[in-house]
Amino acid sequence: MAVLHSAPRIASNDGVTQALSAALGDMLVSAKEEHGEIVLSVKRESIEDALRLLRDAHDYQQLMEMAGVDYPARAMRFEVVYMLLSLTKNHRVMVKVSTDEATPVPTVTTLWPNAGWLEREVFDLYGVLFDGNTDLRRILTDYGFEGHPFRKDFPLSGYQELRYSEEEKRVVYEPVELAQDFRSFEFMSPWEGAEYILPGDEKAAVPPVAEPKTTEKPSDTGAGAKTDKKAARKTEANPPAMDKKEGGK
């Protein structure tokens, strides 16, 4: 007898985009299906109401992840992406909002407690503000870090570096200094190999062996009937000391 489960093994997108678009109404900016996923863009100020509707009326119970995206050429350069999962439908949707550096996005910690940590991550890495998050602190970068490292205009070397100061006996922050005095830059292809001996390569020069030791017959390996007979002997829990013949003293 076949057992029917409420959550299908493979979920279909048929009709989902139309149904969710109609449900979101004026809150919706655009809807599309891309790479097999349904992507819904909603108005920034309506994100909390839109996600509550998807959670309560359409069974997208879990907020699995949040992510930030940076498009520096846009006026609203940031996108905040919410990944929702329906356990009962075995289906996922992505919801997006757009914002800039100064305009906060309403928090969704009122809907999912784990959103607090996820919003802190987007704030830390992109600088997006979340209105209503009562604990909006950095979560991945260090104390005193300046800037937001996932922005496209953030320099690869950052703005500050930290080191332990023997004079002050503490960790100090100071502007990044790229000392080039003792660097030698080479643009040779790694496939061609260096034209000089690299550190450690001198160990590869092994002197030739005068007389290589080989095992051409069983007696050279120590194997044989005598060894098998000795290995089959039973031993006591506390074996006596080896005799002189076996190497004992």
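**Entry 1: salt bridges.** I began with the charged side chains and found Asp70, Arg77, Glu101, Arg151 and Asp153 linked in a network of salt bridges. The model is a predicted one, and I read every entry below with that in mind. Searching the whole structure, I recorded 16 salt bridges.

I then looked up individual pairs. Glutamate 79 and lysine 96 join their side chains in a salt bridge at 3.7 Å, N to O. Glutamate 79 belongs to strand β4 and lysine 96 to strand β5, so this pair ties together parts that are 17 residues apart in sequence. Are these two residues buried or exposed? I noted that glutamate 79 is buried and that lysine 96 is buried as well.

Glutamate 34 forms a salt bridge with lysine 32 at 3.3 Å, N to O. Here glutamate 34 is partly exposed at 33% relative accessibility, and lysine 32 is partly exposed at 40%.

**Entry 2: helix α2.** I recorded a salt bridge between arginine 52 and glutamate 48 at 3.1 Å, N to O. Both residues lie in helix α2, 4 residues apart, about one turn of the helix. Arginine 52 is partly exposed at 28% relative accessibility, as is glutamate 48 at 23%.

Which residues of helix α2 (residues 47-57) are buried? I listed Ile47, Ala50, Leu51 and Leu54. Viewed down the axis of α2, the buried residues fall within an arc of 95°, so they line one face of the helix. The elements covering them include α1 (16-24), β2 (37-42), β4 (78-86), β5 (91-99) and β6 (105-106). Following α2, I noted aspartate 59, which has a positive phi near 65°.

**Entry 3: the nonpolar core.** I looked up the largest nonpolar core and counted 33 residues in it. Leu51, Leu63, Val80, Tyr82 and Leu84 have the most contacts inside this core. At least two core residues come from each of α1, β2, α2, β3 (62-70), β4, β5 and α3 (115-126). The largest share, 5 residues, is supplied by α3.

I took valine 80 for a closer look. Beyond its neighbours within four places in sequence, valine 80 is in contact with Met66, Ala67, Val95, Lys96, Val97, Val105, Val122, Val128 and Phe130.

**Entry 4: the surface.** I found a nonpolar surface patch of about 580 Å², made by Tyr143, Leu162, Tyr164, Val171 and Tyr173. Strands β8 (160-165) and β9 (170-175) are the elements that give two or more residues to the patch. Tyrosine 173 lies in strand β9 and is partly exposed, with a relative accessible area of 35%.

Key: Residues are numbered from 1 along each chain as its sequence is written. This is a predicted model: local features need pLDDT of at least 70, side-chain atom pairs count only at pLDDT 80 or more; totals for chains, interfaces and linings use all residues. Side-chain values use heavy atoms; hydrogens and water are left out. Buried means under 20% relative accessible area, exposed over 50%, partly exposed in between (1.4 Å probe, protein chains only). The arc is that of the directions from the helix axis to the C-beta atoms. Contact means heavy atoms within 4.5 Å. Patches are made of residues with over 30% relative accessible area and no salt bridge: like charges are joined within 9 Å, nonpolar side chains (Val, Leu, Ile, Met, Phe, Trp, Tyr) within 5 Å. Accessible areas come from the Shrake-Rupley method with a 1.4 Å probe; for residues, only the protein chains shown count as cover. A salt bridge is a side-chain nitrogen of Lys or Arg within 4 Å of a carboxyl oxygen of Asp or Glu. A nonpolar core is a set of buried Ala, Val, Leu, Ile, Met, Phe, Trp, Tyr and Cys residues joined through side-chain atoms within 4.5 Å.
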